[in-house]
Amino acid sequence: MSKPFKKSFINDEYASLNFYEPIADYILDCQSMTGAIPSLKNGSLDPWDHIESIMGLTVMGHYDAAKQGFDWLFKNQNPDGSWFSEFKNDQPIIKNRQTHFSCYLSVGLLHYAKITKDIDFIESNWKNISEAINFSINLQNKNGTIPWCLNEDNKPDEDYLITGSSSILKSLECSIALFILLGIKDKKLLERWELAYTKLQGALRKPDNLFDKKISRKRFSMDWYYPVISGAFSIKESKIIIKNTLKEFYIEGIGIKCVKEEPWVTVAETNEFIMAAIKADEPALAKNIFIEALSISDENNIPYMGWQYEENIFWPDEKPSWTAAALILAADAIFRFTDGNNILTENQIKNF
């Protein structure tokens, strides 16, 4: 096993927001004139990753670019509140509609509101938020599960994903927080969202026979730590999950593997795990792994997707915008640069 060349940092420079400015500039360079933020410049995007990139820009104070990103979403939202799964040059190229993609809008907008205090922008787009949430929960089953997508024939796919459902649960939490923040007077809608939240949380807490109907995804680290980020578990329970994830996926000195059997540490998964560790009240662990993973980057500290530690290469030779954003979000969670630092590490409803 080999590690990327370990970087040395002067006076803990990574603890300063200035350290991340070149990384934000990289995301900005990926953004098109229409506001879309593809994974790679001139490439394709999916709405979830696009929102993650917007959040990275928001942390770094690029509010106009973030608003352009949200405006792109509003312009490309389907009448049912969803988005198609993949776009290139503002045209859909994969036309199924994933349920966690639509919901994640609420996470991005609450994050933007916490940092910018621009409540008017959120209020003016409440219709988009409520339609996005309703698209997903309209598909919820009695047992709390939500299918991962509507296929191109407009039929629910008969599979249910722990990672996607965890993202939906967190998004519902943020939606309810936005509801309270804006003082929306619609008791029935609030009760409906709260019920959907409770049912989905129950499913995630007791997932046996409810998810992964077609194939098991326990080989993916996201299936382990995403339920922690979702808020489905207590701190005590989350500590156990974090410990087990470390045992299965952590490579000392590098970070978190994406897939259990592959010799591949990925920066996005590592930084998401870092936020899960903070949620589980393990800040020292989070900071240590964060510093390790900073070495999976170029000379400007822009992260590659990952490191293949048997072949001793950055792999693939790509630097996705959303990977850069995940690093910025993890840094904010650790060092608390902005008022949005806790968006993925604390329950947002309790803040209102």
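Helix axes here are lines fitted to C-alpha atoms over the stretch in contact, and angles between N-to-C directions run from 0 to 180 degrees. Keep that in mind for the first stop. The model is predicted.

**Stop 1: a helix pair**

Select residues 47–59, helix H2, and residues 63–76, helix H3. Their axes come within 8 Å. They cross at roughly 160°. Angles over 145 degrees count as roughly antiparallel, so H2 is roughly antiparallel to H3. The crossing of H2 past H3 is left-handed.

Now show side chains. What does H2 bring to the contact with H3? Pick Pro 47, His 50, Ile 51, Ile 54, Leu 57 and Thr 58. On the H3 side, pick Tyr 63, Ala 65, Ala 66, Gly 69, Phe 70, Trp 72 and Leu 73. Colour them by class: ten are nonpolar, three are polar and none is charged.

**Stop 2: a three-stranded sheet**

Move on to strands E8, E9 and E10. They form an open sheet in the order E8-E9-E10, with antiparallel pairing. Select 264–266 for E8 and 313–314 for E10. These two strands stand at the edges. Each has a single partner strand, so one side of each lacks a neighbour in the sheet.

Next, select residues 306–308, strand E9. E9 pairs with E10 over two bridges, in the antiparallel sense. Which residue stands opposite Phe 314 of E10? Click Trp 307.

**Stop 3: the helix on the sheet**

Finish with residues 267–279, helix H11. H11 packs on the sheet and touches E8 and E9. The direction of H11 makes about 60° with that of E8.

Note on methods:
Residues are numbered from 1 along each chain as its sequence is written. This is a predicted model: local features need pLDDT of at least 70, side-chain atom pairs count only at pLDDT 80 or more; totals for chains, interfaces and linings use all residues. Side-chain values use heavy atoms; hydrogens and water are left out. Helices (H or I, at least four residues) and strands (E, at least two) are DSSP runs, numbered from the N terminus. Angles under 35 degrees count as roughly parallel, over 145 as roughly antiparallel, 65 to 115 as roughly perpendicular and the rest as oblique. A crossing is left-handed if the near helix is turned anticlockwise from the far one by less than a right angle, and right-handed if clockwise. Contact means heavy atoms within 4.5 Å. Ala, Val, Leu, Ile, Met, Phe, Trp, Tyr, Cys and Pro count as nonpolar, Asp, Glu, Lys and Arg as charged, and the others, Gly among them, as polar. Two strands pair if DSSP finds at least two bridges between them.
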